Amino acid sequence: MMEIDHEINESGEPASGLRLPLEQLDGFEKALLDLFANARREVCIFSHQLDRDLYHRQAVVEAVSQFARRSRNTRVRILIRDSEPMLRQHHRLLPLIQRLASHIELKKLQPTPHTPSNEFVIGDDRLSLLREDREQWLGFYHVDDRVRVRQLRDAFEEDWPLAVRDASLRRLVV
């Protein structure tokens, strides 16, 4: 597995300006784990279907759990386009979402013409993980690219109020 090696600044956080290209699933997992470890308040996930290859991994579920339990002020917001795969086959994140409902919220996207087609995860106002192609594991992990994070957060915030709790998932996640 690839190492994410970045310097630590005086405040104990990763140094700014890291841009790591990703070309494999394992790289995305490592970057996602790093994002959850370094986020402090909020993580927002914008995903087509919370791909089982990544989000069903035990290490990822543990990272989400640890982050959500870190403080009473931490939260994870998740927007997905398609809940069918999660309904057809058990997904490790669903029981966690149910147990930590006050910290983790899952909604189904109601796409608009401005809804992004790519997938991304943002941590606070400085970390972003971008998957540019849903068919391949290609993308970038950015540390302290506040402009990119602002653009992704704006897209997320535009779609969040329009999203709904999926009735079929509601039976599983209440």
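**Exercise 1. Locate N73 in this predicted model and decide whether the residue is buried or exposed.**

Solution. Begin with the secondary structure: N73 sits in the loop that runs between helix 3 and strand 3. Next, consider the relative accessible area of N73, which is 56%. The cut-off for an exposed residue is over 50%, so N73 is exposed. Finally, relate N73 to S102: the two are 29 residues apart in sequence, while their C-alpha atoms are 9.9 Å apart in space.

**Exercise 2. Describe the span of helix 3 and identify the elements against which its buried residues pack.**

Solution. Helix 3 covers residues 58-69, twelve residues in total. From first C-alpha to last, helix 3 reaches 16 Å, close to the 16 Å expected at 1.5 Å a residue. The buried residues of helix 3 are then listed: V60, V61, A63, V64, S65, F67 and A68. Their packing partners include three helices, namely helix 1 (25-38), helix 2 and helix 5 (93-99). The partners also include strand 2 (42-47), strand 3 (75-80) and strand 4 (104-108).

**Exercise 3. Determine which residues of helix 6 are buried and where they lie around the axis.**

Solution. Helix 6 comprises residues 146-159, that is, 14 residues, and its end-to-end C-alpha distance of 20 Å is close to the 20 Å expected at 1.5 Å a residue. Its buried residues are V149, L152, R153, A155, F156 and D159. These residues span an arc of only 160° around the axis, and therefore they lie on the same side of helix 6. On the other side of helix 6, V147 and Q151 are exposed. The buried residues of helix 6 pack against strand 2, strand 3, strand 5 and strand 6.

Terms used:
Residues numbered from 1 in each chain as written. Predicted model: local features only at pLDDT ≥ 70, side-chain atom pairs only at ≥ 80, totals over all residues. Heavy atoms only, no water. Helix = DSSP H or I, 4+ residues; strand = E, 2+ residues; numbered from the N terminus. Expected span 1.5 Å × (residues − 1). Buried < 20%, exposed > 50% of the residue type's maximum accessible area, 1.4 Å probe, protein only. Contact = heavy atoms within 4.5 Å. Arc of directions from axis to C-beta.
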